[in-house]
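Please keep the sequence and the model in view while reading.

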Amino acid sequence: MAAGIDDIAIYIPRLYVDAADFARGRGLDPAKLQKGLGVSQMAIVDTNQDPACLAANACLRIMQRNKLSPEDIGRLYVSTESSFDESKAMNSYVIGMLEQVYGQGAFEHCGGVETKFACVSGSYALYDNTNWIRAGEAEGKHALVVVSDIAKYDLGSSGEMTQGAGSVAMLLNDNPRLLAFDPKVTSTSIKDEYDFYRPFGKETPIVHGQYSNLLYLIQVRKALEAYKKKAISTGIIKLKDDETILDHIDFLNMHLPYANMGKKALAYLVRHEWRTLPRWKNIIEKIGMSEPIPKDPRGTIESVLGDQEFMEKDHEFTKMFTKTEEYQEVYESKLASSLIASTMIGNLYTASLYLGFRSSLEFEYQKGTSLAGTRVGFGSYGSGSSAMVFSGVIQEEFEEIVKDMNLESEIGPRKKLTIEEYEALHENKLGVTDSMLQPKKEFVLTEINSSVGSGERRYIFNE
Ligand code: HMG
């Protein structure tokens, strides 16, 4: 049975910090953010927004657009790593909000959980719900998988340049208009790691930035290796001698903590895949240097990062490789469109990969690319750490969904924050009711009960 994504909706907070203002505020060269990381603007939540209301807003959009009633939804999953409750699941908050619009008890039949594994948990939730549909358990109902996060790092930390916030809701069913997932190829890798984590009670993560970059690459490559075996053995991809699996993936979406991480990942995966092919010889000749090898090729990530000579040479090699027309062709045709939204919004943790997918659909369609029947690959990564690689095929009816996509109008009119306003929000100096923007047709937080041992949250839908 086919199963996949029928429609996709986003909700992005309208407040943002401009990368140039931010850089000036921190004494950095704006080019480090804009060119080095691919960050132009970072979406920031208002005082009356939390990840649950971002998720509810994305859900409401997808339900209203498709004229769905709660009876049409069989499961509602929320994936997040910005959870504010150790027990009550975020989907319960979301259902509470949706019932303000659809009526008390309207979703009482609708099961689901909140899932957690840093940025990769949304991909696990998609996979589990796809299998619920494939197993024939859905009985004509849809599943809603919502990925929602606020990426917030300590003031002055190197992670602060890679913040963002937003939510993506995905409607899954057995007759998807957008993308049908390829069966029996989804592949994972997992390892107990401390690259990025957020202990109980802490609002911001503890991050080993460069370690996390390298670990992301290694884990995704491992998952890609497993995917490759499955794609070949199931016969969905048939490789000729001088081909790699990436030649058969028309568009690639990577987890995007910042846009340039997608470029880094593509370069790393392509290098790995091309190394054994005849075309590599030609590329090495063009670059004019052989591929560097670390002193201890089977060493730990720490030993590779500590091998300064290798790191410098490898950086130089990667820079030259990414300038070759062979890499540029792959980059422009398979990845570039998926990065546009990330540069405008920033990291959305669980939602970043799917915002990238949404971005690639909109901007490839605008270019006039013929999308039906093309294969889309996904490289999902979550710190801590796990990667997932899977794929799907764009369906004939995709145009019904994609033709009306417009990132700018879906975000709505944005307000640029001064650094002082941003810092006041970041440090929670304002109360829930001191919002900077007037809410319109959206759910907002009205109260967090501050009496000891309570913490109960109240929301309303603003007409
Ligand atoms: P950093 O170490 O300060 O930055 O922070 P850098 O020195 O690596 O510079 C970044 C890039 O800017 C480099 O480009 C520089 O050359 C360039 P590259 O060499 O890599 O191509 N650059 C400049 N370019 C132009 N003009 C200039 C200039 N200066 C430098 N003047 C880091 C970067 C990502 C480490 C930091 O922001 C951080 O810690 N971020 C948070 C962690 C993170 O995002 N890790 C990514 C992988 S892990 C992941 O994706 C999971 C995650 O989403 C969480 C989850 O799963 O839940 C984070």
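A salt bridge is counted here when a side-chain nitrogen of Lys or Arg lies within 4 Å of a carboxyl oxygen of Asp or Glu. On that definition the structure holds 33 salt bridges, and Arg271, Arg275, Glu291 and Asp314 are linked with one another in a network of them. The model is predicted, so that local features need pLDDT of at least 70 and side-chain atom pairs count only at pLDDT 80 or more, whereas totals for chains, interfaces and linings use all residues. Residues are numbered from 1 along each chain as its sequence is written, and side-chain values use heavy atoms, with hydrogens and water left out.

**Salt bridges**

- Side chains of opposite charge can pair when their charged atoms come close.
- Asp6 forms a salt bridge with Arg177, with 2.7 Å between the closest N and O atoms.
- This pair links distant parts of the chain, 171 residues apart, since Asp6 belongs to strand β1 (residues 4-11) and Arg177 to the loop between β7 (164-173) and β8 (179-181); helices (H or I, at least four residues) and strands (E, at least two) are DSSP runs, numbered from the N terminus.
- Asp6 counts as buried because its relative accessibility is 4%, where buried means under 20% relative accessible area, exposed over 50%, and partly exposed in between (1.4 Å probe, protein chains only).
- Asp247 forms a salt bridge with Arg279, the closest N and O atoms again being 2.7 Å apart.
- Here too the pair links distant parts of the chain, with Asp247 in the loop between α6 (209-233) and β12 (251-254) and Arg279 in helix α8 (residues 279-287), 32 residues apart.
- Asp247 is partly exposed at 29% relative accessibility, and Arg279 is partly exposed with a relative accessible area of 27%.
- Glu456 forms a salt bridge with Arg458, in which the closest N and O atoms are 2.5 Å apart; Glu456 is partly exposed at 43%, and Arg458 counts as partly exposed at 43%.

**Lys152**

- Lys152 is found in the loop between β6 (142-151) and β7, and it counts as buried because its relative accessibility is 13%.
- Its side chain makes a polar contact with the side chain of Glu203 at 3.1 Å; a polar contact is a pair of N or O atoms within 3.5 Å, of which, within protein, one must be able to donate a hydrogen and the other to accept it, and residues adjacent in sequence count only if both atoms are side-chain atoms.
- A polar atom of the Lys152 side chain also lies 2.6 Å from the backbone oxygen of His426.
- Not counting residues up to four places away in sequence, Lys152 touches Gln163, Glu203, Thr204, Pro205, Tyr349, Leu425, His426 and Asn428, contact meaning heavy atoms within 4.5 Å.

**Helices α7 and α10**

- In the contact between these helices, Ala267, Val270, Arg271 and Trp274 in α7 meet Asp314, Phe317, Thr318, Phe321 and Thr322 in α10.
- The residues of this contact divide into five nonpolar, two polar and two charged, where Ala, Val, Leu, Ile, Met, Phe, Trp, Tyr, Cys and Pro count as nonpolar, Asp, Glu, Lys and Arg as charged, and the others, Gly among them, as polar.

**Ser360**

- Ser360 is found in helix α12 (residues 352-367) and counts as buried because its relative accessibility is 7%.
- Leaving aside neighbours within four places in sequence, Ser360 is in contact with Asn253, Ser337, Ser338 and Tyr365.
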